[in-house]
Each structure stands twice: as structure tokens, then as C-alpha cells.
Amino acid sequence: MTIKIALAQINSTVGDLAGNSAKILAFCQRAAQQGADIVLTPELSLVGYPPEDLLLRDAFYAKTLEALQELALNLAALNLQELHVIVGYPILRDADAARFNACSVIVNGQIVATYCKQHLPNDSVFDEKRYFTSAEHEPACVFTVKGVKFGINICEDVWFSDAPLKAKMAGAEVLLVANASPYHMNKQHTRHEVIHKNVVKQGMSVVYANLVGGQDELVFDGHSFVMNQQGEICAQLPHFEEDLQIVTFDGATPLPGKFAPELTLEGQIYQALVLGVRDYIQKNGFPGAIIGLSGGVDSALTLAIAVDALGADKVRTVMMASPYTAEISWLDARDMAQRLGVAYDEIPIHECFTAFGHSLTPVLSALPTLPGDTTEENIQARIRGTMLMALSNKSGAIVLTTGNKSEMAVGYCTLYGDMAGGFAVLKDIAKTWVYRLCAYRNLIAEIIPSRILTRPPSAELRPDQTDQDSLPPYEVLDAIMQLYMEENKSIADILAAGYQAKDVDQITRLLKINEYKRRQSSVGVRVTQRGFGRDWRYPITSKFRA
């Protein structure tokens with residue numbers, strides 16, 4: 001018996017019940033036109049993921065239930081002829097005030113089955129035990145379409161074997177998995193391994209529908225897929241794009257379908273950043289973006305991403321030269337703005353800097369500080385931040401900060417200066433990766449001037465300054481940061497890997513003492529297994545040193 005299953009890889013917006021419902025309805029119409037029997041949408045597709053503390057408000061559940069009932073009525077009105085639609089949403093059970101992460105099967109306007117999530121992730125970026133109750137003691141959810149039995153799991157359930165086994169024991173031949181699995185580097189390979197180990201080895205094929213889109217610092221990459229009973233991928237949807245794909249089954253066996261092109265790792269990360277920027281700005285209603293363009297590599301990459309995300313007409317750049325800005329910096333900034341066709345202004349900050357000096361001199365001269373230290377450097381950065389925020393206030397456009405993860409790690413950034421803004425595009429991108437992503441983007445079209453990529457990086461806040469005056473080479477800094485911060489390696493492990501004790505001590509010490517800065521930084525896209533945000537929760541006040 002031939003069965004057609006539609007993977008609805010949709011981009012839900014948290015709390016947009018009407019918009020998400022309309023999108024699900026539109027995908028179902030398209031699927032029905034192609035003869036689908038089942039439509040599988042992602043985890044919490046009706047409300048978006050993660051809703052966080054919206055899940056603690058009773059009104060959220062009441063409005064969700066209204067939206068679910070209206071969606072069911074709208075599906076019935078379309079007369080979609082026995083189309084089974086799996087929709088994700090949260091449930092508040094009146095009997096015991098327990099909250100569940102659920103999926104329901106809607107047929108002809110009626111809910112015919114409901115499954116509640118058993119395994120609740122509570123590490124990394126996940127806090128589901130804060131919000132939901134596990135349904136581990138409840139029965140499996142299995143329904144039949146054209147003689148084939150389908151089970152349902154939700155995301156984390158398949159990272160263990162017991163929930164799939166429960167579905168198998170209840171007769172499931174195909175497991176439908178609704179997911180909101182956020183992206184990080186090499187995530188898809190891990191998903192395939194987990195599905196093969198915990199589901200396929202139990203004799204079921206798998207339909208895995210993943211959310212796509214940006215939600216604050218998280219980006220969901222989609223890349224939904226179907227895996228047969230032999231562990232072979234039969235169909236795969238694209239990275240970072242909404243898509244609908246119909247996969248045909250012969251009974252419980254999927255037939256070969258379409259495969260979206262694979263992206264290189266650089267391509268994945270770049271597209272994750274583009275999607276994260278686009279969705280943050282568009283879903284929050286900003287009319288565009290403003291970027292302080294310095295002539296350096298970080299602002300160059302930020303500008304490229306912003307233009308790819310929003311279009312050149314939605315991006316404005318400002319070059320704010322100080323007394324220490326090299327001529328080649330504003331020449332390169334002007335060149336790149338022209339290549340991309342964005343609005344470009346130059347606002348010198350010499351006079352502002354001098355005025356600050358005149359105002360502060362009577363007070364600073366009475367303090368026991370050395371002349372020409374970071375005080376004067378930070379004033380320049382804060383003047384620029386003030387300029388950018390003034391333009392943001394007048395235009396409504398959001399300021400995109402340009403600092404990278406390496407700088408955030410060691411505090412090589414200025415509070416209320418270059419950290420001022422609404423969204424940190426490169427917050428989880430190490431400096432060495434900044435160069436890799438620039439090279440990737442230039443392969444598509446050479447938009448970043450070569451001199452930006454070859455000159456030594458500098459904040460240009462004092463004469464002849466380079467980043468390496470204060471920091472180890474970025475290859476060393478980034479490697480130690482990755483081992484210590486992302487992979488949670490011990491100091492002994494890092495030293496055993498061959499890094500010098502002075503570099504390890506400096507970087508880990510700077511990581512610790514700059515936590516107060518990171519707490520005040522803008523939200524930014526997460527692309528590694530551990531970013532400075534939801535999954536980095538170290539105390540500011542702490543005497544512990546490893």
C-alpha cells in the first residue's frame with residue numbers, strides 16, 4: 001500500500017499563534033494537493049520553540065487551545081479527505097496542573113490521538129524540566145493509516161531507546177519524530193547516529209521533521225530527513241530554509257526521495273548567521289540595521305551577513321574615524337560599502353574625543369592614573385556607541401555589534417562602546433573562524449577587500465596598536481578557548497595538548513574576570529556546542545580558579 005508523508009519544515013515564531021496556525025494550514029493545503037496522507041510538523045509548531053516562561057502563564061495555554069481548535073475547524077473546512085496532521089503544542093492538564101510538551105493527530109477536524117514527550121532535556125540550551133512534566137508513565141501513541149501503524153516521539157525522546165521501544169512494542173512500524181533541534185557545528189551527523197542507534201535498530205523507519213528559523217540566540221537548521229530500516233537516508237530537506245517534501249512509503253518502507261544539496265561547514269555557519277540575523281530583525285519588527293564600519297575584518301563580515309539577510313536597502317553603515325584611524329581603514333570601509341551598495345556615512349569623532357578630554361582633565365589629573373591608558377581608548381569606543389545608538393533611536397533600525405567570540409571571551413571589548421547595540425552577529429564566532437567565513441563569502445562574490453583580510457587586526461585606539469600587543473596569537477587564543485570553554489577540558493588537559501602555561505593562565509584568567517561584561521552583552525547567534533549565553537552560566541562573583 002502506498003502512503004505519502006509530508007515533512008513540513010516550517011519557521012514558527014514564538015507566541016504568534018495566528019501566524020503559525022495559518023502557516024500550518026497553508027502547508028497542509030499544499031501537501032494535500034500532492035496527495036499526502038500524513039503531514040508531520042515540528043515540535044511545538046503551533047506556538048514556536050522555545051516559549052520559555054510563557055509556559056508558566058495559564059493564559060498562554062488558553063490561547064493555544066483556542067488556536068488549536070480553530071486550526072482543527074479550518075482543516076475540516078478544507079475537506080482534506082482523511083489527511084492526518086501532527087501538530088505540536090503545550091498542554092496544561094487541569095486535573096493536576098501538570099504541563100506537557102505534546103503532539104496531536106488531527107483528522108477531519110478532530111483530535112484522534114495525542115502524545116506527550118517523555119524525555120525532557122535539561123542541559124546545554126534546554127530547560128524543559130523547568131516547564132514540563134515527563135509523560136514516561138503514559139502509554140505510547142500509535143495510529144493506523146492504510147494498514148500501517150505509525151508511532152510518535154518528540155525530539156529528545158529518540159536520544160534514548162526506551163520511548164522508541166515503547167512505540168515499537170505498541171505495534172509502530174514507522175516512527176514520526178517532531179523536532180525543535182537547534183543547530184551547532186556537525187549536529188546533523190550526530191542526529192543520524194542517534195536515530196540509527198535508538199530507532200532503526202529496533203526495526204522502524206523514521207520520519208524526522210525539524211524546525212527551521214531563528215529564535216533569539218538559537219537557530220534551527222531544518223535539514224529534516226527520512227531514514228529506512230537499514231539506516232539509509234532516503235530523503236533530506238535543505239538547511240536553513242522552509243520546505244515541504246512528500247516522501248512516498250511502500251507500506252512501512254520509504255522509497256528514495258529528494259536530497260537537498262549539502263553545505264560545507266563554512267556554508268552552514270554562514271547561513272545560520274544569515275538566518276539568525278534575518279529572523280531576529282524581521283520577527284521583532286525592526287525596519288533595518290545599522291553597523292559601525294571600521295575597515296576591519298569583523299565589521300566587514302557583519303556587513304556581508306546583514307546584506308545577505310536583509311538586502312542592501314535595509315542596511316546603513318557609519319565610519320567613525322578617530323585620531324588613530326589609519327587612512328587605509330576608511331578607504332577599505334568606503335570600498336566595501338560601495339561594493340555592497342549600502343548607505344554609507346562618515347562621522348569623524350576627533351572633536352568629540354577632544355571635548356571629552358577637556359571636560360575630564362580637571363578631574364582625571366587629580367587621580368593616581370597614568371596618562372594615555374585604556375581610559376582614553378574606551379572613550380573613543382563609547383563615543384562611537386553613542387553615535388550609533390542615536391542613529392538607531394531616530395531611524396528605528398537596530399545596531400548590530402561586530403565583536404567576535406574571542407574578544408568576548410577575554411574582555412577585549414568596551415562596555416557601552418563597541419558592545420553597544422541590539423544584536424551580536426559574531427558573538428559565537430571565534431576570530432580564526434571570522435577569517436574562514438570571509439574567505440567562504442568571497443568565493444561566492446568578492447565583496448570583502450583583500451587588504452581587510454591581510455592586515456594585522458587592530459582596535460586603532462592608540463598609535464600603532466595591534467590586537468597581539470595584548471593577546472596571544474588568535475590561533476592560540478581560540479584553541480585554548482575552545483578546549484576550556486566549549487569542550488570543558490581541564491587545565492591539565494590543555495597543557496598536555498602542548499599549549500604554554502603563560503597563555504593558558506592568561507586566557508582562563510581573562511575568561512573569569514570578564515564575565516561581568518558578557519552578562520551585559522547583546523544576544524547573538526549560537527553556532528557552537530557552547531556559546532556565551534544560555535549554556536554558559538558562570539557566576540560573576542567567584543573566587544574559584546582551576
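**Entry 1**

I started just past the end of α4, where Gly 171 takes a positive phi of about 110°. A friendly reminder to myself before going on: this is a predicted model.

Next I stepped back into α4 itself, which spans residues 162–169. Which residues of this helix are buried? I found Ala 163, Pro 164 and Ala 167. Looking down the axis of α4, I saw these buried residues fall within an arc of 100°, so they line one face of the helix.

Then I asked what covers that buried set. The cover includes four strands that I noted down, β5 (110–116), β6 (142–145), β7 (148–154) and β8 (174–179). Helix α5 (187–198) is also part of the cover.

**Entry 1: salt bridges across the chain**

How many salt bridges are there? My count came to 24. I picked out a few to follow up.

I went to Lys 23 and Glu 242, whose side chains meet at 2.9 Å, N to O. Lys 23 sits in helix α1 (residues 17–33), while Glu 242 belongs to the loop between β13 (233–236) and β14 (243–250), so this pair ties together parts that are 219 residues apart in sequence.

My next stop was Arg 441 with Asp 308, a salt bridge of 2.7 Å, N to O. I traced Arg 441 to helix α12 (residues 431–444) and Asp 308 to helix α7 (residues 297–310), so the bridge ties together parts 133 residues apart in sequence. I then checked the accessibility of each partner. Arg 441 is buried, with a relative accessible area of 9%, whereas Asp 308 is partly exposed at 28%.

For a local example I turned to Arg 339 and Asp 335, where the N to O distance of the salt bridge is 3.1 Å. Where do the two partners lie? I found both in helix α8 (residues 327–340), four residues apart, which is about one turn of the helix. Arg 339 is partly exposed, with a relative accessible area of 38%. Asp 335 counts as partly exposed too, at 25% relative accessibility.

Last, I looked up a case that goes beyond a pair. Glu 43, Lys 117 and Glu 128 are linked in a network of salt bridges.

Definitions and conventions. Residues numbered from 1 in each chain as written. Predicted model: local features only at pLDDT ≥ 70, side-chain atom pairs only at ≥ 80, totals over all residues. Heavy atoms only, no water. Buried < 20%, exposed > 50% of the residue type's maximum accessible area, 1.4 Å probe, protein only. Helix = DSSP H or I, 4+ residues; strand = E, 2+ residues; numbered from the N terminus. Arc of directions from axis to C-beta. Contact = heavy atoms within 4.5 Å. Salt bridge = Lys/Arg side-chain N within 4 Å of Asp/Glu carboxyl O.
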